[in-house]
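The sequence and the model are shown first, and the description follows.

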Amino acid sequence: MEKFGTLTSTVVPLPIENVDTDQIIPARFLKATNKDGFGDNLFADWRYNKDGSPKADFILNNPVFGGSILVAGKNFGSGSSREHAAWAIDGYGFKVVVSSFFADIFKNNALNNGVLPVVVSAEFLAEIFDGANKDPKLTLTVDLENQTISNNANGKSESFEINAYKKECLLKGLDDIDYLLSKRELIEAYEASRK
Amino acid sequence: MSKTLFDKIWDAHVVSTVENGPTQLYIDRHFCHEVTSPQAFNGLRARGLKVFRPELTTMTADHNTPTIDQDKPVKDPISRNQLDTFAKNAAEFNMPLYYPLGHDKNGVVHIIGPENGFTQPGMTIVCGDSHTSTHGAFGTIAFGIGTSEVEMVLATQCVLQTRPKTMRINYNGKLGAGVSAKDLALFTIAKLTTGGATGYFVEYAGEAIRNMTMEERMTVCNLSIEMGARGGMIAPDETTFNYVKGREFAPKGAEWDEKLAYWKTLKSDEGAKFDLELDFDAADIQPMITYGTNPGMGMGIQESIPTLDQIDEAGRISFQKSLDYMGFQPGEQLLGKSIDYVFLGSCTNGRIEDFRIFANYVKGKKKADNVVVWLVPGSWGVEKQIREEGLLDIFTDAGFLLRQPGCSACLAMNDDKVPAGKYAVSTSNRNFEGRQGPGARTILAGPLVAAAAAITGKITDPRV
Ligand code: SF4
């Protein structure tokens with residue numbers, strides 16, 4: 001996994017609530033047996049017409065907006081546990097997703113793939129949507145070490161929560177499997193204690 | 001100190017606690033299917049690892065499988081490749097519990113688990129599928145995980161989890177006639193919204209739950225994820241023990257007695273503290289349908305869709321977008337509305353009891369000409385029972401066909417897709433945009449409302 005430090009980027013605003021993982025990556029794209037290529041089908045049904053041509057009114061097809069931070073309405077990533085959703089977001093090039101609320105499994109899946117979910121207040125979120133609407137060049141700065149997110153258009157900052165262990169993993173680029181594998185003896189001892 | 005049911009099971013499975021971090025939790029049973037596992041096996045290969053406890057993983061192909069002609073080669077080459085990869089992984093990693101298409105234990109993962117006795121009270125259970133919460137009906141901690149976590153379980157039989165908060169929902173009194181477990185669940189999600197239980201593990205309790213069969217309890221726990229909960233659970237009782245006893249992988253003899261004694265201790269103690277406790281009157285619950293594009297957008301079948309002024313301002317864009325997709329108007333009543341498809345099946349309502357309810361309603365009636373009806377048993381075990389109990393004859397007489405087991409139109413990865421713009425009354429669990437096929441419009445309901453729709457071709461209150 002790649003290390004995460006500080007990121008400043010323009011944003012892609014998606015002011016829709018309850019975006020479920022079926023929208024992030026529809027089920028018919030889950031037939032692959034590796035993790036590559038999902039970025040091309042991120043938000044496929046919102047993004048493409050039936051014939052595969054881009055839908056002009058969808059934000060990802062609007063050349064005015066871009067960057068590695070996706071900003072979405074509350075309850076992002078609900079529904080199916082498919083990690084393909086995180087692979088699609090990562091594969092597209094997003095490193096951070098900002099929302100006022102995330103579904104649990106999505107949050108875990110994102111973190112396990114080096115994508116940082118940042119929870120902000122409803123007000124902070126609304127100001128990003130407003131600001132980006134007025135000026136698509138609006139940037140956010142996400143500082144993982146200090147756990148802060150700043151809206152560089154209006155100068156406001158908020159701190160965000162992240163589990164200390166997960167933060168460490170992201171900063172160092174380590175994953176959970178490395179950790180668990182180092183605990184083999186404990187696992188065997190636990191099994192023995194239950195017999 | 002008094003403990004909740006959740007605390008008892010969680011505490012019994014802690015291997016270690018990461019400083020300032022999650023808990024390392026031991027997993028008793030891992031279920032695995034073809035769609036969310038290939039990348040996990042790839043990960044093992046890349047790290048040169050074996051599966052740590054192969055006998056604790058049960059593998060079944062269900063998501064990406066056809067529901068006709070299962071004895072013939074799968075037509076779609078990409079689907080076939082995924083199924084072949086699943087078989088290759090099972091062989092290469094010496095997985096002893098592998099149930100491919102056509103195997104008599106094959107079926108939807110959350111149906112075959114309980115059916116074969118893999119699911120037992122007190123266990124921790126995971127699967128790369130969010131409806132793993134189904135198994136909570138037996139008094140287990142069961143939850144869905146992502147593929148990275150599937151890899152962790154295969155490699156170490158553990159996952160790292162942050163301890164969730166606990167919630168108890170009590171349903172007092174009895175459900176009315178014609179009101180099912182599905183209605184109770186859709187009612188609850190409509191009250192709590194799709195994010196209302198995020199961060200919680202839910203225990204369902206109260207008279208209405210106690211009176212339920214295991215099939216009904218599984219339906220309730222299945223839908224926990226649709227209100228954002230990590231999982232749902234019900235304390236085991238005689239109903240549970242009777243269901244588990246005698247199943248192939250259930251404990252036998254002295255081991256049964258020992259386990260049973262332990263299982264009887266699995267309930268929330270008097271005075272145990274929950275982070276949140278809610279109460280509902282079972283009598284308030286009506287047969288439910290959904291009108292929007294998430295499971296929280298549900299209402300009593302006689303009710304009308306909310307009007308815009310009943311929706312808070314930040315949610316109006318999403319609400320309107322959702323109704324536009326469905327082709328409905330704010331304030332509209334859906335009773336009597338013509339529909340095109342009916343789907344009975346999925347891990348929510350693909351068990352024998354659901355087919356009994358459906359059969360009981362359609363017996364002696366005829367299927368409406370304007371609807372396509374897919375009856376998809378959750379497993380070959382359910383299929384066999386449908387035949388043995390004579391339900392198949394009832395279906396045939398009424399003009400219905402029975403298909404072969406699988407997830408089918410629940411997520412429409414196979415050919416069972418509802419065409420764009422068509423309305424489907426579906427007993428599955430998600431009405432998301434495109435869930436049942438690009439452009440498909442899903443109305444979630446219980447098996448009885450589905451049966452009534454299949455006969456009348458319209459949204460119909462089955463009680464009248
Ligand atoms: S029936 Fe639907 S919800 Fe259940 S396991 Fe299959 S796809 Fe998932």
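## The interface in outline

Buried area is the accessible area, taken with a 1.4 Å probe, that two parts lose on being put together, summed over both. In this predicted model, the area buried between chain B and chain A is about 4,800 Å², and carbon and sulfur atoms give 55% of that area. Chain B contributes 66 residues to the contact, and chain A contributes 52 residues.

Across the interface of chain B and chain A there are 6 salt bridges. A:Glu191 forms a salt bridge with B:Arg53, in which the closest N and O atoms are 2.5 Å apart.

## The side of chain B that touches chain A

Several elements of chain B each supply at least two residues of the side that touches chain A, including the strands β1 (14–17), β2 (23–26) and β8 (158–161) and the helices α2 (38–47), α3 (77–92) and α11 (316–326). The largest share, 7 residues, comes from α5(B). By class, this side of chain B has 24 nonpolar, 30 polar and 12 charged residues.

Two of these elements, β1(B) and β2(B), pair in the antiparallel sense over 3 bridges. In this pairing, B:Val14 stands opposite B:Leu25 in β2(B). The two strands form a hairpin with 5 residues between them, and B:Asn20 in the turn has a positive phi of about 55 degrees.

## The parallel sheet of chain B

Chain B also has an open sheet of 5 strands in the order β5-β4-β3-β6-β7, with parallel pairing. Its edge strands are β5 (98–99) and β7 (141–144), each of which pairs on one side only.

Strand β6 (residues 124–127) of chain B is joined to β7(B) by 4 bridges, and these two strands run parallel. B:Cys127 stands opposite B:Gly144 in β7(B).

B:Asn64 is found in the loop between β4 (57–60) and α3 of chain B. Is B:Asn64 buried or exposed? Its relative accessibility is 1%, so B:Asn64 counts as buried, the cut-off for that class being under 20%.

The side chains of B:Asn64 and B:Ser79 are joined by a polar contact of 2.9 Å. Leaving aside neighbours within four places in sequence, B:Asn64 is in contact with residues of chain B, among them B:Glu34, B:Val35, B:Gln82, B:Leu83 and B:Met413, and with A:Lys31.

Notes
Residues are numbered from 1 along each chain as its sequence is written. Chains are lettered from A and ligands numbered from 1 in the order in which they are written. This is a predicted model: local features need pLDDT of at least 70, side-chain atom pairs count only at pLDDT 80 or more; totals for chains, interfaces and linings use all residues. Side-chain values use heavy atoms; hydrogens and water are left out. Two strands pair if DSSP finds at least two bridges between them. Contact means heavy atoms within 4.5 Å. A salt bridge is a side-chain nitrogen of Lys or Arg within 4 Å of a carboxyl oxygen of Asp or Glu. Ala, Val, Leu, Ile, Met, Phe, Trp, Tyr, Cys and Pro count as nonpolar, Asp, Glu, Lys and Arg as charged, and the others, Gly among them, as polar. Buried means under 20% relative accessible area, exposed over 50%, partly exposed in between (1.4 Å probe, protein chains only). A polar contact is a pair of N or O atoms within 3.5 Å; within protein, one must be able to donate a hydrogen and the other to accept it, and residues adjacent in sequence count only if both atoms are side-chain atoms.
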